[in-house]
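Visitor: I am new to this structure. Please show me one part of it up close.

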Amino acid sequence: MTAFRTLDDADLAGKRVLVRVDLNVPMEDGKVSDTTRIDRILPTIREIADKGGKVVLLAHFGRPKGRDDKNSLRQVVPALTQALGRPVTFVEDCIGDDVAKALTAAKNGDVLLLENTRFHAGDEKNDPDFVKALATNGDLYVNDAFSAAHRAHASTEGLAHDLPAYAGRTMQAELEALSAGLDNPARPVMAIVGGAKVSTKLELLGNLVKKVDVLVIGGGMANTFLAARGVDVGKSLCEHDLVVTAREIEEKAKAAGCEIVLPVDALVAREFKAHPGHRVVTVGEVAADEMILDAGPLSAADVVLRLDKVKTLVWNGPFGAFELPPFDTATVAVAKAAAKRVKAGQLVAVAGGGDTVAAMNHAGVADDLSYVSTAGGAFLEWMEGKALPGVEALRKA
Ligand code: AMP
């Protein structure tokens with residue numbers, strides 16, 4: 001990768017390295033309930049420590065309005081220590097004398113975790129004084145938190161201007177995967193956009209029609225597009241006020257040479273629950289009291305066939321209400337087909353954002369796609385074609 005400064009460009013030995021990581025992990029009964037985010041930052045921490053740097057971890061946790069125990073990063077220390085297999089020293093603040101003293105006491109290769117950066121309002125405000133206070137305790141800055149890179153905060157962006165700045169290994173992997181997905185993809189490129197509503201993904205659809213060859217629309221949002229084509233979708237989730245917008249997106253796609261693919265059949269039911277009793281219908285046959293809750297078998301088979309003809313897939317959002325069986329069927333079928341082609345070296349598939357990680361886990365393919373991004377908002381902003389401030393700050397001059 002040439003566009004961003006990485007750890008390959010950094011001289012780490014004997015340096016105090018401020019490393020922005022994502023430790024905003026889910027907790028249950030005071031314990032970390034899912035260590036995915038912790039596992040992803042381990043390579044960067046180990047590499048800096050093994051090369052003789054003092055690792056100083058910076059992270060936010062929750063949405064505190066000032067200092068509070070509920071949002072203290074102290075509670076993450078046991079899980080981090082266990083995953084890392086090395087001791088982690090916790091420091092009660094992220095700026096000031098406590099940090100300076102802990103750093104003086106630390107040896108090269110030691111790992112420190114500083115308290116929640118959002119205990120200071122200056123983090124989210126990207127306050128220059130707060131940036132300086134953070135920078136005082138570091139020689140270098142490494143950003144390994146792609147998931148927070150869409151925010152221009154002191155710890156995600158400001159520091160990159162005050163200290164020599166580098167992408168950590170997880171950030172680097174994410175940037176390489178995303179670049180292969182949309183910036184510089186092997187063509188043809190297919191995007192699948194599903195999920196609940198068009199209204200949350202307008203910018204994303206507008207950007208994708210300019211960049212991809214085929215745009216497959218699934219989930220509740222497909223109903224709005226079907227309604228815009230004059231299909232009666234019964235009681236389905238549908239944003240009737242957005243049918244004009246849906247038509248505009250179709251026109252934009254046509255002008256850009258992007259084919260839009262909508263479901264031709266569907267699984268419909270009268271109740272929004274698991275196993276409610278359903279039937280398979282063509283999309284023109286939805287009864288007034290029925291809801292479309294998944295794409296039907298013909299639609300899923302059509303997408304699978306189309307996958308054979310593309311070299312790149314970018315995916316956000318499920319085809320149906322995948323949490324409620326059998327409305328996971330289309331999502332699982334397409335995910336498995338994509339994973340098979342990735343394994344055969346015939347497809348680059350990048351998925352992410354919101355519920356998509358859960359959907360890929362549910363389909364059992366999260367480890368088989370080329371890259372599954374756990375970054376929600378940042379992944380969506382990237383799909384929308386926006387520059388992410390935390391990423392831009394790492395770009396080589
Ligand atoms: P999003 O966060 O926008 O990706 O939306 C994901 C949610 O969309 C999931 O919780 C699905 O249950 C829901 N969803 C997908 N298809 C449908 C549908 N046809 N009707 C209602 N909800 C759906």
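Visitor: Where does Asp68 lie?

Guide: Asp68 sits in the loop between β4 and α2. Helices (H or I, at least four residues) and strands (E, at least two) are DSSP runs, numbered from the N terminus. The model is predicted: local features need pLDDT of at least 70 and side-chain atom pairs pLDDT 80 or more, while totals for chains, interfaces and linings use all residues. Residues count from 1 along each chain as its sequence is written, and side-chain values use heavy atoms, without hydrogens or water.

Start with Asp68 itself. Its relative accessible area is 23%, so Asp68 is partly exposed (buried is under 20%, exposed over 50%, partly exposed in between, with a 1.4 Å probe and protein chains only). The Asp68 side chain reaches the backbone nitrogen of Lys70 at 3.0 Å. Gly158 is 90 residues from Asp68 along the chain, and their C-alpha atoms are 24 Å apart.

Just after α2 comes Gly85, with a positive phi of about 70°.

Now a look beyond this part. The whole structure holds two aromatic pairs (ring centres within 6.5 Å, using the six-membered ring of Trp; planes under 30 degrees apart are stacked, over 60 edge-to-face, the rest tilted). In one, the rings of Trp315 and Phe319 have centres 5.9 Å apart and planes at 70°, so the pair is edge-to-face. Both Trp315 and Phe319 are buried. Phe379 and Trp382 form a tilted pair, at 5.3 Å centre to centre and 50° between the planes. These two are three residues apart in helix α14 (residues 376–383), so about one helical turn separates them. Phe379 is buried, at 0% relative accessible area. Trp382 counts as buried because its relative accessibility is 9%.

Notes. Polar contact = N/O pair within 3.5 Å; in protein donor to acceptor, adjacent residues only side chain to side chain.
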